[in-house]
Amino acid sequence: MPIPIDLKGLIADWCKRTEPIDIPIYLSEKEIRKESRKIFDKLVIRIIKNEIDNQILADEILKLQRNERIVITLNIVEEMTPAEIAELLGINTNNVYVQKNKALNKLRKQLEERNFRHRR
């Protein structure tokens, strides 16, 4: 499965804002899929660490399951719509909403347990 065009643009845009991610030059198609997944995961983690000012919130987002973390990061931090996220990830838009709701519920619970209060 090739890297979607939008993902390439997202990675390129993010790399302009931060230090580059090392990408091996010669890879088989299977290795490219594996490496693109790793790169995407690193990208999401960098976005969380660099774009979320509150360390407690960033830590709790990093504790979410991979898909939940990706959906929350792309939707809330990068301001992508559920339809854009669905297209990027190759999933149904309803699945994006389900992942987002699961993640938000987990975050609420985790933050309540830490007595976190968001300051506006």
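Analyst: Happy to. For helices, each axis is a line fitted to the C-alpha atoms over the stretch in contact, and the angle, from 0 to 180 degrees, is taken between N-to-C directions. Bear in mind that this is a predicted model.

User: Great, so at what angle do α4 and α6 pack?

Analyst: The angle between α4 and α6 is about 95°, and their axes are 8 Å apart. Angles of 65 to 115 degrees count as roughly perpendicular, so α4 and α6 are roughly perpendicular to each other.

User: Which residues make that contact?

Analyst: From α4 there are Asn67, Glu68, Val71, Ile72, Asn75 and Ile76. The α6 side brings Val96, Gln99, Lys100, Lys102, Ala103, Leu104 and Lys106. By class, the contact of α4 with α6 has six nonpolar, three polar and four charged residues.

User: And α5 against α6, what's the angle there?

Analyst: Helix α5 (residues 82-89) packs on helix α6 (residues 93-113) at about 110°, with the axes 8 Å apart. That makes α5 roughly perpendicular to α6. Pro82, Ala83, Ile85 and Ala86 of α5 meet Thr93, Val96 and Tyr97 of α6. Here the contact of α5 with α6 is made up of six nonpolar residues, one polar residue and no charged ones.

User: Val96 came up with both partners. Is it buried or exposed?

Analyst: Val96, in helix α6, is buried, with a relative accessible area of 1%. Leaving out residues up to four places away in sequence, Val96 touches Val71, Pro82, Ile85, Ala86 and Ile91. As for Ala83, its C-alpha is 8.1 Å from that of Val96, and the two are 13 residues apart in sequence.

User: Let me zoom out. What secondary structure does the chain have?

Analyst: The chain has six helices and zero strands, so to read it from the N terminus you simply go α-α-α-α-α-α. Of its 120 residues, 35% are buried. Taking contacts between residues at least 6 apart in sequence, 67% join residues at least 24 apart.

User: How many residues are in the largest nonpolar core?

Analyst: That core has 20 residues. Phe40, Ile48, Ile61, Leu64, Leu74 and Ile85 have the most contacts inside it. Two or more residues come from each of α2 (29-51), α3 (55-62), α4 (66-77), α5 and α6. The largest share is from α2, with five residues.

User: What does Ile61 touch?

Analyst: Ile61 touches Ile48, Ile52, Arg69, Ile72, Thr73 and Leu107, again not counting residues up to four places away in sequence.

User: Now a charged one. Is Glu60 buried or exposed?

Analyst: Glu60 is in helix α3, and it is buried, with a relative accessible area of 2%.

User: Which side chain does Glu60 make a polar contact with?

Analyst: The side chain of Glu60 makes a polar contact with the side chain of Arg114, at 2.6 Å. Beyond four places in sequence, Glu60 touches Leu107, Gln110, Leu111 and Arg114.

User: How far apart are the C-alpha atoms of Glu60 and Arg108?

Analyst: The C-alpha atoms of Glu60 and Arg108 are separated by 9.6 Å, while along the chain these residues are 48 apart. Arg108 lies in helix α6 and counts as partly exposed, at 47% relative accessibility.

User: Last topic: the loop between α4 and α5. Which residue there has a positive phi?

Analyst: Glu79, in the loop between α4 and α5, has a phi near 60°, a positive value in a residue other than glycine. With 66% relative accessibility, Glu79 counts as exposed, whereas Glu60 is buried at 2%.

How values were computed
Residues numbered from 1 in each chain as written. Predicted model: local features only at pLDDT ≥ 70, side-chain atom pairs only at ≥ 80, totals over all residues. Heavy atoms only, no water. Helix = DSSP H or I, 4+ residues; strand = E, 2+ residues; numbered from the N terminus. Parallel < 35°, antiparallel > 145°, perpendicular 65-115°, else oblique. Contact = heavy atoms within 4.5 Å. Nonpolar A, V, L, I, M, F, W, Y, C, P; charged D, E, K, R; others polar. Core = buried A, V, L, I, M, F, W, Y, C linked by side-chain atoms within 4.5 Å. Buried < 20%, exposed > 50% of the residue type's maximum accessible area, 1.4 Å probe, protein only. Polar contact = N/O pair within 3.5 Å; in protein donor to acceptor, adjacent residues only side chain to side chain.
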